Amino acid sequence: MTRLKFALGAAAALLLAGAAAGAEVKFAYVGEISGSLAVSGGNFRDGVILAVEEINAKGGILKQKIALTQYDTQTNPGVARAQMQKALDGEPYAVFGPIFSGNVKVTMQMMQQAEVPHFIGGEAAELVTLGDPYLFRTSFGQQIGMPKIANYIRDELKAKTLALIWVNNDFGKGGRDKLMKELAARNIKVVADVSTESGQVDFAADVVKLKAANADVVFVYSNEEECARIMREARKQGLKGPFVGDTTLLSQKTIELAGDAANGVQGHVGLSADAPIPAVADFKARFQKRFNYIPDHNGLKGYSGVYAVKYVTEKLGKFDRKALAKMMHGLTITPKEEPGILIETSWDNTGEIDRISFLAEVINGQQKITKTLPKLGK
Amino acid sequence: MLADILQLFVAGLATGAIYALVAIGFTLLWQTSQTINFAQGEFVMLPAFFVLIAMGFFKLPFWAAVLAGGAVSVLLLGYLFKKLMVDPMIRHGVLPLVIATIGLAILMKESVREFYGADAWPFPPLAAATNVTVFGVSFAVQSLVVLVISIAAVAALQLFLNGTRTGRCMQATAQNPTVARLLGIPVERMILYTFLINAALVVLASILITPIYLAKFTNGELLGLYAFIAAIIGGFNQIRGAIAGGLLLGVVDNFTAVYISSQYRMAVPLVFLIVIILFRPQGLLGRVEERTV
């Protein structure tokens, strides 16, 4: 009798465990946890984790808890492909990342073939032009951000010449090409075009080149760590600026690494944890409490991406990857409909994103938003 | 144009001086104990994290943290490295030790990543980010400070090696340990001193380079490679060779980035290395070593 009771108990436990396992929906983070983009990838991943924990605490999506698995691309395209395959073998409902545009590029075909929606952090302009119906951005592509920056350089800074320093990877090259085009259209002459390497640590020679150009504006376009090193070297050598850049130059991590050297830097930010929006301020506080550091824009990207999936899935009333991707195209989510989205966000038919953006300046080690720019669609 | 060249030259000398400090360590260990330490780059990476730990966890002010981090580094990277890794391995030959140091480099790197994360961390500079103008050319004070401290350290080392009894005993040990032992020189102790000096040099290099590189677990990869190449270019068996190799590499690297191509700057030291190995294997200032079989 005791044996029978034990057997029945064990069988019940197994059934319960099976049911619990079945009540999970799989999400995967495939991104940069180590390597030269670990800072960006780490922020994005932690944003994803925070959103997943919050959603799970409230019962999950359609009563299913999210099981998040992490895969480290090591900021290496070869590793990224292997890790993405590993993630796909687990049949995730949605994938978040990579952040490094080069890694997005080498893995997007796999995602398309597997028909898994993926919410990327990559900002290279060409990513949404390659015809992947399962790809969705979590922040602006360069074709959205660069015209706004070029206008700012012409209208606010009244610059006629510009010295450009950029990182020679998919992100940097895409941004550089787009910026060059926008500057040419506004008759702003590029007097120095300095290419640097991802992960580069010594910028002494590059800053000498920038100094020699004696431009009205110095434009810094690189990843966070390199931006910080460039700014430190620029201040060390007495390069005056003004220094202008996009989101990475003004990100919290760049400011933290560059210290005083970041003061005075100005530019355009697509997303900012310092945005004058109460929901974003709340997010920043929750993130800081959970991870003990201040998030940058990548944290917001990962966080809002998860909530976009939640919103659409609940609208659909079922877990259907194809339907999710289809519904995302042409969709607008407002914070009223889904508070986790934080800022009203739209996706077009290519997966490109549109939302308000900001002009900002670093003052006393803090990013201060100086102006809010409207959505392009408005 | 001339101003640019001078600025590049000084900036290159400053970086090269740090390569030289690390390269001197390579030559010292090789001369006294036939040790090639492929974890030398990671030896430079680690002290900066000890300093950050002293500042962050123990709330020590910067200079106290440097002293504490330096002391821990000298103990760990000098004394314990010799006792726990070099002494047991060297009796099996140079190659097993080389492989062991490659393993040590991986262990150190991954340990830092595990404990401190993969992010870069800011590190306080030794001088403010200001400039001085000399004859119309402005130089970064931080570069000049790095240069002056490095030159002072090398000069002090040379003075110690040539002007003190212990230093001369160390040189005798490096030249011929058997004869040195016959002359009553405590060879084992002299070898230990070179490991401690190497540890002190990497601590200094770490304090000088980390404000530029930022503290990151991967910092040793490039530094170790550059210092190793510098030591070979200058002459692996001569301290002055390591100094010359380091300075040359720093200057050439800067000029390549500006006047040739920043994309190929990493290739130039390797080209240098190949040319030296082909045409002057003992290095620019090294001496030919002959061995009988």
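Reader: On what basis are the values given?
Author: The model is predicted: local features need pLDDT of at least 70, side-chain atom pairs count only at pLDDT 80 or more, and totals for chains, interfaces and linings use all residues. Residues are numbered from 1 along each chain as its sequence is written, while chains are lettered from A and ligands numbered from 1 in the order in which they are written.

Reader: What is the radius of gyration of chain A?
Author: The radius is taken over C-alpha atoms, and the globule rule is 2.2 Å times the number of residues to the power 0.38. For 378 residues, a compact globule would have a value near 21 Å; chain A agrees with this, at 22 Å.

Reader: Which residues touch the most other members of the largest nonpolar core?
Author: Such a core is a set of buried Ala, Val, Leu, Ile, Met, Phe, Trp, Tyr and Cys residues joined through C-beta atoms within 7 Å, buried meaning 20 or more other C-beta atoms within 10 Å of a residue's own, with C-beta atoms placed from the backbone. Of its 202 residues, those with the most such neighbours are A20(B) and A230(B).

Reader: Which element supplies the largest share of the side of chain B that touches chain A?
Author: The contact (C-beta atoms, placed from the backbone, within 7 Å) takes 27 residues from chain A and 24 from chain B. Helices are DSSP runs of H or I with at least four residues, numbered from the N terminus. Five residues, the largest share on the chain B side, come from α1(B).

Note on methods:
Two residues are in contact if their C-beta atoms, placed from the backbone, lie within 7 Å. Helices (H or I, at least four residues) and strands (E, at least two) are DSSP runs, numbered from the N terminus. A residue is buried if 20 or more other C-beta atoms lie within 10 Å of its own, exposed if 12 or fewer, and partly exposed in between; C-beta atoms are placed from the backbone.
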